[in-house]
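Good morning, everyone. Let's walk through one chain together. Please look at the screen.

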Amino acid sequence: MLTGTTKDASELGPAAIQGKPNELDRSARSGGASQSQPSRLAKALQIEWIGQTVASLCWIGSVFSYGITSTGDWLQLFAASAWLTANIAAVMAVEAD
């Protein structure tokens, strides 16, 4: 609830606006929360990453299991390979501790 005793920046004048940055300003500049990034191993052990990687590997395996006999089979193989590559790139993008 607003009480009317607070002043906004226009009431305080330019000196207040150019003053020392507050905690909210520092948080906004640093990207919000100051949580550290997980390690590559921690990222690779997350259920989301494991599930997607297993699914992409199964998709690749199924293409070879049924055989590559048409253009659609090649497209399936490229799609599954792209998915696997993206999963690996997501882990590699995490900065190691």
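First, a term: buried means under 20% relative accessible area, exposed means over 50%, and partly exposed is in between, with a 1.4 Å probe and protein chains only. By that rule, 14% of the chain's 97 residues count as buried.

Where does this come from? This is a predicted model: local features need pLDDT of at least 70, side-chain atom pairs count only at pLDDT 80 or more, and totals for chains, interfaces and linings use all residues. Residues are numbered from 1 along each chain as its sequence is written, and side-chain values use heavy atoms, with hydrogens and water left out.

Now the layout. The chain has 6 helices and 0 strands. Helices here are DSSP runs of H or I with at least four residues, strands are E runs of at least two, and numbering starts at the N terminus. Read from that end, the elements run α-α-α-α-α-α.

Next, a pair of helices. How do helix 5 and helix 6 cross? Their axes come within 9 Å and cross at roughly 155°. Helix 6 covers residues 71-92. The axes are lines fitted to C-alpha atoms over the stretch in contact, and angles run from 0 to 180 degrees between N-to-C directions. Helix 5 and helix 6 are therefore roughly antiparallel, a label for angles over 145 degrees.

Let's look at residues in helix 5. Ile-60 lies there. Is Ile-60 buried or exposed? Ile-60 is buried, because its relative accessible area is 15%. Its C-alpha is 8.9 Å from that of Ala-79, 19 residues apart along the chain.

Ile-50 is also in helix 5. Ile-50 has 33% relative accessibility, so it counts as partly exposed. Between the C-alpha atoms of Ile-50 and Asn-87 there are 9.1 Å, and 37 residues along the chain.

On to helix 4, which holds Lys-43. Lys-43 is partly exposed, because its relative accessibility is 24%. Lys-43 and Val-91 are 48 residues apart in sequence, yet 6.2 Å apart in space, C-alpha to C-alpha.

Leu-45 sits in the loop between helix 4 (40-44) and helix 5 (47-66). Leu-45 is exposed, because its relative accessible area is 58%.

Last, the surface. Leu-41, Leu-45, Ile-50 and Val-54 make a nonpolar patch of about 380 Å². Patch residues have over 30% relative accessible area and no salt bridge (a Lys or Arg side-chain nitrogen within 4 Å of an Asp or Glu carboxyl oxygen). Nonpolar side chains are joined within 5 Å, like charges within 9 Å. Areas come from the Shrake-Rupley method with a 1.4 Å probe. Thank you.

Key: Angles under 35 degrees count as roughly parallel, over 145 as roughly antiparallel, 65 to 115 as roughly perpendicular and the rest as oblique.
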